[in-house]
Amino acid sequence: MEIPQGLKYSKEHEWVATEDSVATVGITDHAQDQLGEIVYIELPAVGDKVSKDDPFGVVESVKAVSDIYAPVTGTVIEINEDLPESPETVNEDPYGDGWLIKVKITDMSDLEDLMDAEEYTELLAREKE
C-alpha cells in the first residue's frame, strides 16, 4: 500500500498536496483499494465552496457509494475533467492522474489538523485491529 511522504492525510482517507494556498485533493491508495473498482465520480463545480469535514463529492464503486470529504475549506478552482469519463484512473493512479479537485484554501490552519505519512500509517494499523 502506497503512502507517499510529503502529503497530508485526513481520517476519511483523503490526501492533500499543497502549493502556496492551493490544495490538490484526492483519495488515498487505501481508500481506492477498499472501494474496489470505481465506476462513477461526482465532483463539485469550479467556483463551488467546500467546507472542511463536509462532503464535496461522491465516489461509486462496484461495492459501495461513498462521500468524499473536504480536508480543507476553500473554493474549488479546478476539477479533474478526465474522471467522469474514466473514473478507474483513481484506482490506477490515486496520487497522480487520479486527483479529484484543486481548492484555494481560505484558512491555512486547516492543514494542521491533517496527518503526515507516519501518522496516517498508524491510523491504518489501528483500523485493522
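Is V39 buried, partly exposed or exposed? With a relative accessible area of 39%, V39 comes out as partly exposed (buried is under 20%, exposed over 50%, and partly exposed in between, using a 1.4 Å probe and protein chains only). The model here is a predicted one, where local features need pLDDT of at least 70, side-chain atom pairs count only at pLDDT 80 or more, and totals for chains, interfaces and linings use all residues. Residues are numbered from 1 along each chain as its sequence is written, and side-chain values use heavy atoms, with hydrogens and water left out.

V39 sits in strand β4 (residues 38–42); helices (H or I, at least four residues) and strands (E, at least two) are DSSP runs, numbered from the N terminus.

Now to the rings. The whole structure holds 2 aromatic pairs (Phe, Tyr or Trp rings, the six-membered one for Trp, with centres within 6.5 Å; planes under 30 degrees apart are stacked, over 60 edge-to-face, the rest tilted). Y9 and Y120 make a stacked pair, 4.7 Å centre to centre with 10° between the planes. Y9 belongs to strand β1 (residues 8–9) and Y120 to helix α3 (residues 117–128), so this pair ties together parts 111 residues apart in sequence. Y9 is buried at 0% relative accessible area, and Y120 is buried at 0% too.

W15 and Y95 form a tilted pair, at 5.9 Å centre to centre and 50° between the planes. This pair links distant parts of the chain, 80 residues apart: W15 is in strand β2 (residues 14–19), and Y95 is in the loop between α2 (89–92) and β9 (101–105). W15 is buried, at 3%, and Y95 also counts as buried, at 16%.
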